[in-house]
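Colleague: Hi! Could you walk me through this one?
Modeller: Happy to, here it is.

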Amino acid sequence: MDILQIVGLGLAVTFLALILKEKNQVFALIVSLVAGVFILLMMVDQIRLVMDMLNNMAQNAHLNNVYVATILKIIGIAYISEFGAQIAKDAGQNSIAGKIELAGKLIILVMAIPILTAIVDTVMHLMPQMGGG
Amino acid sequence: MSLDVNTIFQIAGIGIIVAMIQTVLKQMGKDDWAQWVTLIGFIVILYMAATLIDDLFEKIRQVFLYM
């Protein structure tokens, strides 16, 4: 019954933040930030299950471990940068949120370089065979 | 879990109490004291939030980065 707890917590925090907002905006923001952190903390265990399943499947399929690790890292970066960007957006700092998202995208692109290189290498290996065959 | 949720309500309570103290102090004419109370309340809350965020990042690092 995790979902009932989470929805209840979310509603309670929403109204608390509404009350706090007219007294002190910063405190309302931090309350909503902490609520978000809690919900993510509750969800981390479920995410771990999914990640274990993906990992097992990859090992059964004899995939290269480096690529799977890279993909998991990319998913983690996406989650974290989305979280930070939404907090910044909540505070009204849209430009900071945009920069966080930009940094997330760039770091994901950099992490994907080995995979891209591998793809290009594979294609380059295939080309002469196709041409000569 | 219950301890976790208490932290949220602690933060909200600190916020409401600080706002009340601020109002009272302002009506007494001590604006500088009101400023200090707000600042210290904010630092305490920020410390609590930072501890939690550190916890979350550590867990995410365990799940995603170190398989």
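Colleague: How many residues does the contact take from chain A and from chain B?
Modeller: The contact takes 29 residues from chain A and 24 residues from chain B; two residues are in contact if their C-beta atoms, placed from the backbone, lie within 7 Å. This is a predicted model, where local features need pLDDT of at least 70 and side-chain atom pairs count only at pLDDT 80 or more, while totals for chains, interfaces and linings use all residues.
Colleague: Which elements of chain A give two or more residues to the side that touches chain B?
Modeller: Those are helix H1 (2-23), helix H2 (25-60) and helix H3 (65-90) of chain A. H2(A) gives the largest share, 16 residues. Helices here are DSSP runs of H or I with at least four residues, and strands are E runs of at least two, numbered from the N terminus.
Colleague: And by class, what is on that side of chain A?
Modeller: It has 23 nonpolar, three polar and three charged residues. Ala, Val, Leu, Ile, Met, Phe, Trp, Tyr, Cys and Pro count as nonpolar, Asp, Glu, Lys and Arg as charged, and the others, Gly among them, as polar.
Colleague: New topic: how many helices and strands are in chain A?
Modeller: Chain A has five helices and zero strands. Its radius of gyration, taken over C-alpha atoms, is 21 Å, well over the 14 Å that the globule rule (2.2 Å times the number of residues to the power 0.38) gives for 133 residues, so chain A is more spread out than a compact globule.
Colleague: What box do its C-alpha atoms fill?
Modeller: Roughly 75 × 35 × 15 Å, along the principal axes.
Colleague: How is the numbering done?
Modeller: Residues are numbered from 1 along each chain as its sequence is written, and chains are lettered from A and ligands numbered from 1 in the order in which they are written.
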